[in-house]
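Reader: Hi! I'm new to reading protein structures, could you walk me through this one?
Author: Happy to, let's open it up and chat.

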Amino acid sequence: MSGVLMSGVAGGRSLGRRFGWLWAAYAVSTFGTRLAFDAFPLIAVVVLDAGPARVAALAAAGLAVGAVVAVPLGPWVEFRRKRPVMVATDLVRCAVLLSVPVAYVSGRLGFAQLLVVSVVVAAADITFRAAAGSCLKTLVGPGDLLTANGRFEATAWTATMLGPPVGGAAIGVFGPVVTVAVDAVSHLLSALGIRAIGGGEPRPHRTGAPSRLRAGELLDGWRYFLTSPGLRPLFLNTVLVNGLIMATTPLLAVLMLADLGFAPWQYGLAFAVPCAGGLIGSRMAQPLVARFGEHRVLTTSGVLRVCWPVGLAFVRPGGAGLALVMAVEFGLITSMGVFNPVFATRRLELTPPDRVVRTLSAWSVSGKLTTAALIAVWGLLAGLTGPRTAIALAGVLLLATPLLLPRHDHARTAGGRP
């Protein structure tokens with residue numbers, strides 16, 4: 001079933017039944033999440049009459065507090081079987097998300113509940129993704145990691161292209177909480193897919209002295225990639241690039257919808273159509289690596305992806321402005337479609353199996369905290385200078401981020417340490 005489900009998203013040879021179930025689980029939960037894109041801010045505004053400050057606080061809390069809550073979970077998960085953890089986090093997300101429509105129907109939905117659900121979902125998401133990275137590394141061989149990550153990337157961009165428009169239509173017909181309910185069910189289906197992977201999963205063993213490791217293992221993920229000459233530049237580059245791109249997203253919404261008078265459907269179209277570039281880029285990644293090598297593709301696509309956002313500062317009203325946004329987003333997303341699976345593969349290659357969860361958890365926590373901070377800073381900057389100037393500044397800073405990319409293709413040992 002999973003092979004048939006995915007064959008239309010990204011072709012190519014099969015990576016086996018067990019990977020097929022993992023991919024199917026990822027696909028269904030990703031589509032559910034994209035379907036519910038921006039559902040919480042919408043509910044806060046439409047149902048709870050929340051103002052801009054409370055809506056911003058809701059978005060920031062989900063990133064920042066959820067990331068902090070996830071910090072101790074990485075070391076805890078590292079030495080446990082990963083698939084039961086993934087099933088548990090799926091079920092937790094299903095339960096807390098279902099509480100929103102239940103509370104809405106009963107007339108008891110409040111802002112505090114949305115806040116708590118945002119935090120729990122964010123923490124569970126970080127933990128799930130870290131465990132999934134470790135699980136992937138056991139299901140496919142080293143030579144198939146790029147193929148697998150390319151299929152995940154293609155699935156993510158397909159969901160991003162289709163989910164928000166369908167979700168918006170569903171909200172218009174069925175009300176503001178329907179997409180949250182669908183998202184909850186998608187995590188339940190994901191849990192069933194992970195259970196269907198089957199096969200044994202040995203329990204990981206601690207290495208070294210347990211007492212000494214427990215004292216410092218909360219920081220072990222950061223310690224590993226910050227001291228790795230192969231991972232440290234990738235970490236600094238990706239966290240800063242992603243944070244700066246996300247920091248301009250709400251400012252672009254204000255610029256296009258409030259200042260330039262674009263209709264909401266035009267704003268949605270400007271970001272839905274370019275997602276086709278993600279499909280193109282993810283399909284190009286493996287052939288490019290086969291021809292030019294992993295390191296060259298990583299650095300070239302890493303440079304290309306930051307050349308586009310500064311163009312958003314020049315958007316104007318009308319059809320020409322809409323075309324400019326779509327062209328910039330298409331170039332950005334296509335470049336990201338190439339970069340992301342190559343980056344994800346390199347990160348797994350450079351991380352030994354007994355450190356994957358801690359490394360990915362610490363990486364995600366840092367990324368979410370950085371993004372939350374940059375969103376807040378750029379919001380203040382836009383208040384002082386206007387959204388166009390703030391977007392331009394972020395674009396200029398992005399042009400400097402390739403200096404943080406790794407300049408050398410570090411040799412990797414059998415254990416994965418550069």
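Reader: Is Asp220 buried or exposed?
Author: Asp220 is buried, with a relative accessible area of 11%. Here buried means under 20% relative accessible area, exposed means over 50%, and partly exposed is in between, using a 1.4 Å probe and protein chains only. Keep in mind that this is a predicted model, where local features need pLDDT of at least 70 and side-chain atom pairs count only at pLDDT 80 or more, while totals for chains, interfaces and linings use all residues. Residues are numbered from 1 along each chain as its sequence is written, and side-chain values use heavy atoms, leaving out hydrogens and water.

Reader: Got it. Which residue does Asp220 form a salt bridge with?
Author: With Arg355, and the closest N and O atoms are 3.1 Å apart. A salt bridge is a side-chain nitrogen of Lys or Arg within 4 Å of a carboxyl oxygen of Asp or Glu. Asp220 lies in helix 11 (residues 220-226) and Arg355 in the loop between helix 16 (318-349) and helix 17 (356-385), so the pair ties together parts that are 135 residues apart in sequence. Helices are DSSP runs of H or I with at least four residues, numbered from the N terminus. As for Arg355, its relative accessible area is 26%, which is partly exposed.

Reader: How many salt bridges does the structure hold?
Author: Nine. Another one joins Arg346 and Glu294, with the closest N and O atoms 2.6 Å apart. Arg346 sits in helix 16 and Glu294 in helix 15 (residues 294-304), so this pair links parts 52 residues apart in sequence. Both Arg346 and Glu294 are buried. There is also one network, made by salt bridges that share partners, joining Glu78, Asp220, Arg223, Arg355 and Arg358.

Reader: New topic: where does helix 12 bend?
Author: At Pro250, by about 30 degrees. That bend is the angle between axes fitted to the seven residues ending there and the seven starting there. Helix 12 (residues 231-259) has 29 residues and reaches 41 Å from its first C-alpha to its last, close to the 42 Å expected at 1.5 Å a residue. The expected span is 1.5 Å times one less than the number of residues. After helix 12 comes Gly261, whose phi is positive, near 75 degrees.

Reader: How many disulfides are there?
Author: Zero, by the rule that a disulfide is a pair of cysteine sulfur atoms within 2.5 Å. Take Cys307: the closest cysteine sulfur, in Cys275, is 20 Å from its own sulfur, too far for a bond. Cys307 is partly exposed, with a relative accessible area of 41%, while Cys94 is buried at 9%.

Reader: Last one! Which residues does Arg203 touch?
Author: Phe79, Arg80 and Arg81, not counting residues up to four places away in sequence. Contact means heavy atoms within 4.5 Å. You'll find Arg203 in the loop between helix 9 (178-195) and helix 10 (210-216), and it is partly exposed, at 41% relative accessible area.

Conventions. Helices (H or I, at least four residues) and strands (E, at least two) are DSSP runs, numbered from the N terminus.
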